[in-house]
Amino acid sequence: MYSYGIVLLELLTRKKPNSILVTERMNMSKWVRKALLKPELTVQMFDITLLCTLGIDEQLLQVLDVAMLCTHEIPTKRPSMPDVLKVLMKVKHDAQK
Amino acid sequence: MILTLVVLVVGIAINSTVIAAGNTDRRRLVGDALGDMQVLLQLAQLSTNDPQNALGSWDGSRPSACSWQGIRCNAANRVTAIFIVNKQLEGVLAPSLGLLTYLITLDLRFNKFSGSIPPSLGACQMLQTLSLSGNLLTGDVPSELAQNTRMSTFAVNLNMLSGSFPLQILAWRELSVLWLDNNMFTGSIPDLTSLVQLKILDLQNNQFTGTVPNVAGLQALLDIDLSNNKLSGSLPTFLDTLPKLRYLNVSNNHLTGLIPDTSVFLRFPASAYAGNDGLCGAIIKRDCADISNMSGSNSTSTSAPKMLSKTAIIVISSLGGAGVLLGMFLGVRCAYRGSQDILEDLRGGEDSTLLSGSNVNVGYTVAELTKMTNGFVKANIIGVGSSSIVYRSMLPGGAIVAIKRLSEEKYSSDTQHAFVAEYQILKRITQHGSMVRVLNCCATPSCMALVLDFMPGGTLENKLYEQSMSWLDRVDTAVSVAKGLVYLHLDCAAHKVVVDLKPSHILIDADSKAHITDLHIPRFATSKIPGTIAYCAPGEHISILFCRVFVSAMMLLLDSLLGSIVMHQNLFISLSSHCSESNL
């Protein structure tokens, strides 16, 4: 579950968790949580090509929400895989419009 | 009377105050929260070896057992579920378990419990899930279990149970999952059409005889696995009455006759029918004439080609003894050439009849792999892992596959057996559309390798970081991987699969669809279970385990998730307005 969340974060940010571990000295999930505290960092966090795709802001945030829940520090707070799939199917439906 | 009976049958002293309280309601009589705790303490006491200290928190001085690890209770502090999974516990199952009248789930998968299944479990009238998979249980399934009419999941696979098919199962009208596979059950399989809720029927690797059981009209049935038994007779005609059927495996039995060339049979790969010497048809590329020639004219098939060959034999017979001899000679030659062709085709295709039985020498030989990979030349390497190298290779038939060869220090006769066992499960699991299929293997003393689907799109890592991916591609990937993980969580739970999930283990096929690869089954431990630190949750391994325990709690989260932006709605006004700004 956790690793799936990290893969989602990579899809959103196009940044490798290993390099963040080295350069920022923290795990990817922590780094994203920190970035979310400041708007300018949040913007830099996302993959620029996604920011330049019009009309997907809400979808990006939904996937980010899922990723944040999947990588929650407390394992019991992480969602179940079927629930994650449901949300992502909805996002996919929106993305296809 | 009832009191004495219960105490006698169960053979342990229950909290005396409960008995003194005396009540005509049987449920009240056989226990309360303290009584439940006594039962669990007996379970712990009979678990003579607990190497992982799984029962360390089972402390008899607490007011109830509800705070113990692996125990769930209802509001009245009565035990409703026991989960002690993969803890290497040794011992026998406590006969007093039947006193847990509120027990809904008993999950003791992958331990080393021996002895028999306690007949007293029949008294657990609420029991819905009984999972004893992967233990060392012997004996038969007690007839008392017929009383567990709410049973929905009955998983006693991977044990050493014997006896005939447990007929008491037919009384469970709510049964949805039936795993009796990998035991030593014998005799015939009864008509199962009364199990109207049945979804999964796995009876593989037993000694069942007789015909394929009748499951006609079961609306919910998803998977049927009858492989590696001794079933005879022809293929069932009722497959088209099973609207949801998605998996069928009748391989390695003694089935005979033609596999009809209809969509209902074509849906399943040749491997589903392999290892039945008497089956023929286009699906398994075996001409029915070859079989009738091999076995003479006493075939029972009514297929058109068979009819022809019968006619031919009659004609030859009428020509006299010399004619018969000639016919037999031609027949033998034909069959020989035919079976050679089949061998070539199957080996070049997706399955090998050589896999039948439990021989260690399955699949390809080193010589064949060497040929397919041009001598394992560097030019054919498409991936290098910590304990394996992946080569792009061409099968004799021209199909491109990937061959993942384990490094040589892993080879030994012990790991070879485990490797074959792991291969056989992986092969089955990876039939799911979100997995990279395991097609075949090489398992000889000098070679341990898996033959996998070749994924021309490379890894997700490469596609995401070296190329470009649209948002829709990314969402598609996320959905495909999530589907695969849901499947592993729910449908492959008993196998306890571990996935080292990261972009380099997600491969892209020719249609840009993502597939998960690099699955492991720790039980076999043929390779060190990998873990990549950046993908590991703090303090834990990356394990995709059965998480039904958490599902109910997690359902609560769903609503908030679907309510879209929960956490950052104040933070973002418009992400896309930063596009040009950030570009500068």
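## Strand pairing in chain B

Two strands count as paired if DSSP finds at least two bridges between them. In this predicted model, strand S17 and strand S18 (residues 388-394) of chain B are joined by three bridges and run in the antiparallel sense. One of the residues involved is Gly383(B), whose bridge partner in S18(B) is Val390(B).

## The sheet in chain B

The pair belongs to an open sheet of five strands in chain B, with the order S17-S18-S19-S21-S20 and antiparallel pairing. Strand S17 (381-384) and strand S20 (438-444) of chain B each have a single partner strand, so they stand at the edges and one side of each has no neighbour in the sheet. From one strand to the next, the twist averages 20 degrees.

Strands of a sheet pair through backbone hydrogen bonds, and the pairing may be parallel or antiparallel.

## Two helices in chain A

In chain A, helix H1 (residues 2-13) and helix H6 (residues 57-70) have axes that come within 8 Å and cross at roughly 150 degrees. Angles over 145 degrees count as roughly antiparallel, so H1(A) is roughly antiparallel to H6(A). The crossing of the two helices is left-handed.

## Residues at the helix contact

H1(A) contributes Tyr2(A), Tyr4(A), Gly5(A), Leu8(A), Leu9(A) and Leu12(A) to the contact. From H6(A) come Leu60(A), Val63(A), Leu64(A), Val66(A), Ala67(A) and Cys70(A).

Which classes of residue make up the contact of H1(A) with H6(A)? Eleven residues are nonpolar, one is polar and none is charged.

Terms used
Residues are numbered from 1 along each chain as its sequence is written. Chains are lettered from A and ligands numbered from 1 in the order in which they are written. This is a predicted model: local features need pLDDT of at least 70, side-chain atom pairs count only at pLDDT 80 or more; totals for chains, interfaces and linings use all residues. Helices (H or I, at least four residues) and strands (E, at least two) are DSSP runs, numbered from the N terminus. Axes are lines fitted to C-alpha atoms, for helices over the stretch in contact, and angles run from 0 to 180 degrees between N-to-C directions. Angles under 35 degrees count as roughly parallel, over 145 as roughly antiparallel, 65 to 115 as roughly perpendicular and the rest as oblique. A crossing is left-handed if the near helix is turned anticlockwise from the far one by less than a right angle, and right-handed if clockwise. Two residues are in contact if their C-beta atoms, placed from the backbone, lie within 7 Å. Ala, Val, Leu, Ile, Met, Phe, Trp, Tyr, Cys and Pro count as nonpolar, Asp, Glu, Lys and Arg as charged, and the others, Gly among them, as polar.
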